[in-house]
Amino acid sequence: MAIRVTKKCFLLSTLGVLVVAAALTVTLVLVLRDDEEISETYRFAASSIEVRLEEQPDHRYVLSIHRGDDRVQRITFDHDFTDDSDIETFPKGMRLYGNGHSVEIREVEDSAGFAYLSISRTLRKGQIGSDVLHLHDTFGAEQTPLHWYGGPELMEQYYPIEKLRFDDYPYITKELHSAAIIERYWLSTAGVFFYVEKEVPLFIDQNDQVLRFTAKKELPYYTYDDEFVFNYRIGVAADAREAHQKAVERVLNQPVDIPDERMVRQPIWSTWVRYRRPISQQTVLDFAREINAYGFKNAQLDIDDLWEVCYGSLTFNTITFPNVTEMTETLREMGFRVTLWVHPFINKNCDPWYTEALSKGYLVKSHNETIGYNTKWWNSGENEASYINFNNPDAVEWYRRRLRELQELGIDNFKFDAGETSWAPADPDIEGTTALLPSSQTVNFVRMCAAFGGMIEVRTGWGTQDLPVFVRMLDFDTRWGWNNGLLSLIPTLLQMNLNGYPFVLPDMIGGNVYGDDILTKELFIRWLEASVFMPSIQFSKTPWDIDEESITISKKFAQLHETYSDYIIQRMRLAVSHGTPVNPPIWWLDPTDKIAQTIYDEYLLGEDIVVAPVLAEFATTRDIYLPKGTWRDGNTNRVHEGGRWIYNYTAPMDTLPYFVSATFQLN
């Protein structure tokens, strides 16, 4: 039986306390102060977590989460509930309502060491819901500051993510800032995670104090529904590691299998940086011969941009590729598998394929008739291309059939580019559950790609962590530093792993050499070293384009990667069975280690290898923080105890600092 509680129900002194028993696992405490502000506490019996709802003088309410004596998180419901607002309690939670809003706080799960609750409301079109997550609270007897992980993948990726800044940012997959992975998941060092439901038309604001979740029916979301939801879930565990494992089980999913093992063991080679566009059959064959001649192994050779007759034809240009079957047979004899770069666009000048797609309704159309089917991507002019509608099953089958015809020529598989929602025309008029638009386009594209098996790569995702495929980092620039350069590499790796994507394919060694970027020998080698203990490595600019020493060093680190590939695959299988990251942050070994929580330039492979590459230009030493454990230096064999710094570790250009657990045995 629900118990209704309002301010008018009680006449108490300033010290009066009423205790109400509700259900088997909950106790509600109502306190009325002399200023008539009220506070209620919901206790999770098994987990010993308390959730307190407190009215503020401005009629807003703050929900605070407590673990024992520690407050671990605050959320402000940023809405004026007015003097007439009421609180209603029921066996599994409480409801706050007034001034057109009704917020339900409900227990979802209560078990030893874990409390799980939902915050939900239904809003009418024109209403706005806005809740503020306080980022810079402190917790514990030592008043430890919070740090945060998760959120979007970005071009200027920082770690921890409280350094990021957003302003009314629509939370969909987009090319802007390279936000190709946009999971609605945030994790704090206090052991609290937040997950905003997929149906919420979510915008975020973030500064150095707060992260604001705002739900509103505005573009780029579907705006034609009369009602919409603003729902999110909060999990509270003992620490960040436990909280993340609970999140994987409940909201993030985990892979059902691992991708292609050869892509783990041997380098991938791409024509992109070395040859740009267009590409030709002779160039591809010459490249393969060079790779073999210099004694390098391969997982596959990827034929990149502009092999088509025109963009979207999915048909080889017979002038530049006169005999594709002969080429793929020759490559196979040379020990190469062949993949092909493909994309989800059709340029308007690409007939008869464009006309066919348009006439059959295979392209994304906007509700705005002025926009129509028009879009632009990096290989078209303004309004000179269209985006294939992967929410249309017939369009999916049409696209898939044409890819299979390419496989009949000996193409083994595909490198799938783009796929983010924002490439489509704004306000798309397409199929699918309206509350999931527009980002369901990304989901359906990626799931279509994954049907081609574990040898593919994609670069975007939204709730697609279950797929057994490599997810590539977006294009990096060829530079040192944070601005999408080498220093962003490890934060992006950690970001993807903590969003539930453990099968990370780093971008090409040395980045993409765009514009005036210059790939120096030092940057190339340091980039390779940083990638060695990631799931795969990928070359395009080659070591022999630099000098003989670069060839020797590159072979050394390609061999080191191969030596540990069995362990990488073992950790991938653990990601499938237990949902653990392949490359976690170093705090994974001790989530309470305050120093480890902020280390952005080191990472783990599994739980047995600490990797601390040199990422600064001209540097030949670096300081290294070793996490909890006993570690053997991979270069000197010297043993170190963790939980402390190694200062001025010597690492000339041919040296990668890494440490292996003293108990680890390489099979």
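The model is predicted: local features need pLDDT of at least 70, side-chain atom pairs count only at pLDDT 80 or more, and totals for chains, interfaces and linings use all residues. Residues are numbered from 1 along each chain as its sequence is written, and side-chain values use heavy atoms, with hydrogens and water left out.

**Annotated domains**
- An unreviewed UniProt entry lists residues 271–568 as "domain: Glycoside hydrolase family 31 TIM barrel"; such annotations may be inferred rather than shown by experiment.
- This span is 34% helix and 9% strand, where helices (H or I, at least four residues) and strands (E, at least two) are DSSP runs numbered from the N terminus.
- For residues 579–661, the unreviewed entry gives "domain: Glycosyl hydrolase family 31 C-terminal"; the span is 0% helix and 36% strand, with its end C-alpha atoms 22 Å apart.

**Helix H5**
- In helix H5 (residues 324–333), Val324, Met327, Thr328 and Leu331 are buried, meaning under 20% relative accessible area with a 1.4 Å probe, protein chains only.
- Seen down the axis of H5, these buried residues fall within an arc of 95 degrees, so they line one face of the helix; the arc is that of the directions from the helix axis to the C-beta atoms.
- They pack against helix H4 (281–293), strand S23 (300–303) and strand S24 (338–342), with contact meaning heavy atoms within 4.5 Å.

**Strand S11**
- In strand S11 (residues 114–124), 9 of the 11 residues are buried.
- S11 pairs antiparallel with strand S10 (residues 101–111) over 7 bridges; pairing requires at least two DSSP bridges.
- Strand S21 (residues 227–236) runs antiparallel to S11, joined by 10 bridges, and Phe230 in S21 is the bridge partner of Arg121.

Definitions and conventions:
Buried means under 20% relative accessible area, exposed over 50%, partly exposed in between (1.4 Å probe, protein chains only).
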